[in-house]
Amino acid sequence: MSNPVYVAIDVPRLDAAKVLAEKVKGHVGGVKLGLEFFCAHGHHGVMELAHVGLPIFLDLKLHDIPNTVAGAMQAIHVLEPAIVTVHASGGRAMMEDAKAAAGENTKIVAVTMLTSLDENDLSRTGVAGSAHDQVMRLAELAEAAGLDGIVCSGQEVGSVHKQWKNGFFVVPGLRPAGSNVGDQKRVVTPRQARDDGASVLVIGRPISKAEDPLAAARAIEATL
Ligand SMILES: O=c1ccn([C@@H]2O[C@H](COP(=O)(O)O)[C@@H](O)[C@H]2O)c(=O)[nH]1
């Protein structure tokens, strides 16, 4: 089985991003580039990181009207990302148009409820009910829109996996036992997420901020 860990490269400098990716590349399965990286370095930065030779996950969390999101998908087509994110709350038409505009080798996955949110945060946005129910509802919408899968926390991935048997599930908010959770609220260990059916494990600071990122990536790989 290939390594399910995608290392989140949330660092502002391109040279530091390349050094980190090169350092850990033997112990992760892919590289996740998000808003911080893409806003700073754009297409050029993604092409530079592609030289590392690992699949690229563009975590852009697109959320706009369908026509605009489809245009953004077409604009990143040339980068041949393995995975791209959109927000499920953008609605079914937006997700359908995103999928239609994507390259056939790119998986489109919908962010359901950010792992930095809990039920209090959800209720402040006007949504009553549990995180679990919100994730299940948006997963159903994403599946109906023809997406490949969703992003959810490890606390929900087991239930979603039972409902959507061949879905592709991206799980961030992962922390090796005893490590600092930071701004994440719905957290599990990488091993638990994998056992519950995660397809991709997104891990950022536990590797990127470790004193020795290579040792951290190796230690996480050994738990899987
Ligand atoms: O719900 C979500 C969606 C995306 N993310 C992204 O994953 C990484 C997690 O980084 P850590 O340092 O391991 O917390 C980060 O790039 C987020 O933008 C998420 O955390 N939760």
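Colleague: Where is the kink in helix 2 centred?

Modeller: Helix 2 bends by about 110° around H41. The bend at a residue is the angle between two fitted axes, one for the seven residues ending there and one for the seven starting there. Helices (H or I, at least four residues) and strands (E, at least two) are DSSP runs counted from the N terminus. Bear in mind that this is a predicted model: local features need pLDDT of at least 70, side-chain atom pairs count only at pLDDT 80 or more, and totals for chains, interfaces and linings use all residues. Residue numbers start from 1 along each chain as its sequence is written.

Colleague: Thanks! How far apart are the end C-alpha atoms of helix 2?

Modeller: They are only 17 Å apart, although helix 2 (residues 35–50) has 16 residues. A straight helix would reach 22 Å at 1.5 Å a residue; the expected span is 1.5 Å times one less than the number of residues.

Colleague: And which residues of helix 2 are buried?

Modeller: F37, V46 and L49 are. Buried means that 20 or more other C-beta atoms lie within 10 Å of the residue's own, exposed means 12 or fewer, and partly exposed is in between, with C-beta atoms placed from the backbone.

Colleague: What covers those buried residues?

Modeller: The cover includes helix 1 (14–24), strand 2 (30–34) and strand 3 (56–62). Helix 2 lies across strand 2 and strand 3, and runs at about 145° to strand 2. For such angles, axes are lines fitted to C-alpha atoms (for helices, over the stretch in contact), and values run from 0 to 180 degrees between N-to-C directions.

Colleague: Switching to the sheet: how many strands are in the barrel?

Modeller: Eight, in the order 1-2-3-4-5-6-7-8, closed and with parallel pairing. Neighbouring strands of this sheet are turned by 25° against each other on average, direction ignored. Two strands count as paired if DSSP finds at least two bridges between them.

Colleague: Is strand 1 covered or open on its faces?

Modeller: Both faces are covered, with V5 and V7 buried on one side and Y6 and A8 buried on the other. In a regular strand the side chains alternate between the two faces of the sheet. Strand 2 is mostly covered too, since four of its five residues are buried.

Colleague: New topic: where does UniProt place the "active site" feature?

Modeller: The UniProt record, an unreviewed entry, puts it at D59, K61 and D64. UniProt positions follow the numbering used here, feature names are shortened, and annotations may be inferred rather than shown by experiment.

Colleague: Is D59 buried or exposed, and why?

Modeller: D59 counts as buried because it has 24 C-beta neighbours inside 10 Å. D59 is in strand 3 and, leaving aside neighbours within four places in sequence, is in contact with K32, L33, G34 and T85. Contact means that the C-beta atoms, placed from the backbone, lie within 7 Å.

Colleague: What about D64: where is its place?

Modeller: D64 is in the loop between strand 3 and helix 3 (66–76). D64 counts as partly exposed because it has 15 C-beta neighbours inside 10 Å. Not counting residues up to four places away in sequence, D64 touches V69 and G90.

Conventions. Contact = placed C-beta atoms within 7 Å.
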